[in-house]
Amino acid sequence: LYGALFRAVHHGRTLENRLGGVAALEALIGAPSAEPEGKGSKFADVLSSALRRCCEGDRPSGALKENDARREFVTRCAAALGRLARRGPASSSAHVEVEVSR
């Protein structure tokens, strides 16, 4: 399940696919998990990687070619990271602070 969501966030062919992946990750943040630290770390890595790729202009084509699409994607990823910092494991907060300082 996580692999499919991570692929949607990073490689979705449309903005809607990518946003759907972000929304699904965000919905799973508060869900019970056998390894909450591992889940939080994976989610933070996926979201921060997506932000970096989008903001650094990596592959400025396809689903995120337009500025409005990029802005919406960045906004949703940032919101999901914020939710992860508030509701996820303690290690997630540190990860978010690193992203904010970038």
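Reply: Happy to, and let's start with His-10. At 13% relative accessibility, His-10 counts as buried, because the cut-off for buried is under 20%. Please keep in mind that this is a predicted model. His-10 belongs to helix α1, which spans residues 2–11.

What does His-10 touch, once its neighbours within four places in sequence are left aside? Its contacts are Arg-18, Val-46, Ser-49, Ala-50 and Arg-53.

Val-46 sits in helix α3. Val-46 is buried too, with a relative accessible area of 9%. Not counting residues up to four places away in sequence, Val-46 is in contact with Phe-6, Val-9, His-10 and Leu-25. Leu-25 lies 21 residues from Val-46 along the chain, and the C-alpha atoms of the two are 9.5 Å apart.

Helix α3 covers residues 36–55, and its axis comes within 10 Å of the axis of helix α4, residues 67–87. The two axes cross at roughly 155°. The crossing of α3 past α4 is left-handed.

Here are the residues that bring the two helices together. On the α3 side they are Gly-40, Phe-43, Ala-44, Leu-47, Ser-48, Ala-50, Leu-51, Cys-54 and Cys-55. On the α4 side they are Arg-70, Phe-73, Val-74, Cys-77, Ala-78, Ala-80, Leu-81 and Leu-84. Sorted by class, this contact has 14 nonpolar, 2 polar and 1 charged residues. Ala-50 links both parts of our tour: it is among the contacts of His-10, and it is also one of the α3 residues that meet α4.

Finally, let's step back to the whole protein. Its secondary structure comes to 5 helices and 0 strands, so from the N terminus on the elements read α-α-α-α-α. The protein has 102 residues, and 38% of them count as buried, His-10 and Val-46 being among them. Among contacts in the protein with a separation of 6 or more, 62% are between residues 24 or more positions apart. The protein exposes about 5900 Å², with carbon and sulfur atoms supplying 52% of that area.

How values were computed. Residues numbered from 1 in each chain as written. Predicted model: local features only at pLDDT ≥ 70, side-chain atom pairs only at ≥ 80, totals over all residues. Heavy atoms only, no water. Axes fitted to C-alpha atoms, helices over the stretch in contact; angles between N-to-C directions. Helix = DSSP H or I, 4+ residues; strand = E, 2+ residues; numbered from the N terminus. Left-handed = near helix turned anticlockwise from the far one by under 90°. Contact = heavy atoms within 4.5 Å. Nonpolar A, V, L, I, M, F, W, Y, C, P; charged D, E, K, R; others polar. Buried < 20%, exposed > 50% of the residue type's maximum accessible area, 1.4 Å probe, protein only. Areas by Shrake-Rupley, 256 points an atom, 1.4 Å probe, with all protein chains shown as cover.
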